[in-house]
Amino acid sequence: MSKLHLAIAAVAAALAVASPAEAQSPEITIGVSLSTTGPAAALGVPARNALDFVPKEIGGVPLKLIVLDDGGDPTAATTNARRFVSESKADIIIGSSIVPPSIAISAVANEVGVPHFSLSPMPFTPAREKWSVDMPQPVEIVGKIMYDHMKANGVKTIGYIGYSDSYGDLWFNDLKNQTGPMGMKIVTDERFARPDTSITGQALKLIASNPDAILIGAAGTGAGMPQSELRDRGYKGLIYQTHGAASSDFIRIAGKSAEGVLMAAGPVMNPEGQPDSALTKKPGLELNTAYEAKYGANSRSQFAGHSYDVFEVLKRVVPVALKTAKPGTPEFRDAIRQALLTEREIPASQGVYNYTEKDRNGVDDRSRILLTVKDGKYVPAK
């Protein structure tokens, strides 16, 4: 073999050895896409704020967070996700704050093979369930606590008003699927867009149908408008709000109309009322204490809980993944995915997580409570 060939072979061998090391990273890169502007900002801003209180390192490895705004737009969320992957070589992606951009991010994550934590309840398909998991409680688990309450209080007819998007569809479909077998009937289905500033027409139709109860399938600040409109127009029946409404913003916007609402929520909204044996109590108290010290009394938020809880989960799965692979590699990303399936009973502020290949929500009845508003504050409902 000539000296030239020997030199080329030596360089090739050196590159082969060096490549894996060069692909590794001294830190874990996490891309976060949130809706911190636009109609869903009331959800995205608390989620961003909660990042102030997450660990700076896990398993002795520093965390590098890259936070971008998607404005609630699926196209912007897709762009963000691709930037995380192509420019930052992200090991993990978090986001988004509402369903459509979360689905868009999930599509990218499953295409390229990066663990993805959605902060919005979203439907899963076989094409999007390998690499994505959900942090929020699934609609069917949260809905059941409200439907049981309806049944116990003699509700026979239900009116529905929700967003005219996939979030609104999720809640309407669950309402129909669960309450029908329970002997209740949906008499009205009204919708409104997230940017709408009035729902007077929809409210009048709902009231005219005279339902025993109304479920509002909205989230963030958008949930306050139908609440106020229905009460201001004289509706006296039970009003239920989904867990996407559980925040201080809802009480601020709905004002006196919020009194008596029945709201499904995650346990982070009232960890003080949980028994000491509840695994959700300690992380919930820790988050709320830190959050309210910085952002004010009663500023706690479900959406802060969801982003905070990603890191509670990562505190369990990252050390497991680090035993077999290094950050910045496909092997590390797959090791995180595998650890999500093997680690059990992961406590967090919003639930106790047990993910499986098919259960990408990973929570059970410990992930929801029923609240009402009394004297301008959330209290447990009876």
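Colleague: Which residues form one aromatic cluster here?
Modeller: Phe53, Tyr291 and Tyr295 form one aromatic cluster, where rings of Phe, Tyr and Trp (its six-membered ring) pair if their centres lie within 6.5 Å, with planes under 30 degrees apart counted as stacked, over 60 as edge-to-face and the rest as tilted. This is a predicted model, in which local features need pLDDT of at least 70 and side-chain atom pairs count only at pLDDT 80 or more, while totals for chains, interfaces and linings use all residues. Residues are numbered from 1 along each chain as its sequence is written, and side-chain values use heavy atoms, with hydrogens and water left out.

Colleague: How many aromatic pairs does a search of the whole structure find?
Modeller: The search finds seven, among them Phe53 with Tyr295, an edge-to-face pair at 6.4 Å centre to centre with 80° between the planes.

Colleague: And what about Tyr291 and Tyr295, how are those rings arranged?
Modeller: Tyr291 and Tyr295 form a tilted pair, 4.8 Å centre to centre and 40° between the planes.

Colleague: Is Tyr291 buried or exposed?
Modeller: Tyr291 counts as buried because its relative accessibility is 4%, whereas Phe53 at 22% counts as partly exposed, as does Tyr295 at 31%; buried means under 20% relative accessible area, exposed over 50%, and partly exposed in between (1.4 Å probe, protein chains only).

Colleague: Changing topic, what sits over the ring of Trp131?
Modeller: The charged end of Arg337 does, 5.3 Å from the ring centre, where a charge sits over a ring if NZ of Lys or CZ of Arg is within 6 Å of the ring centre and within 35 degrees of the ring normal.
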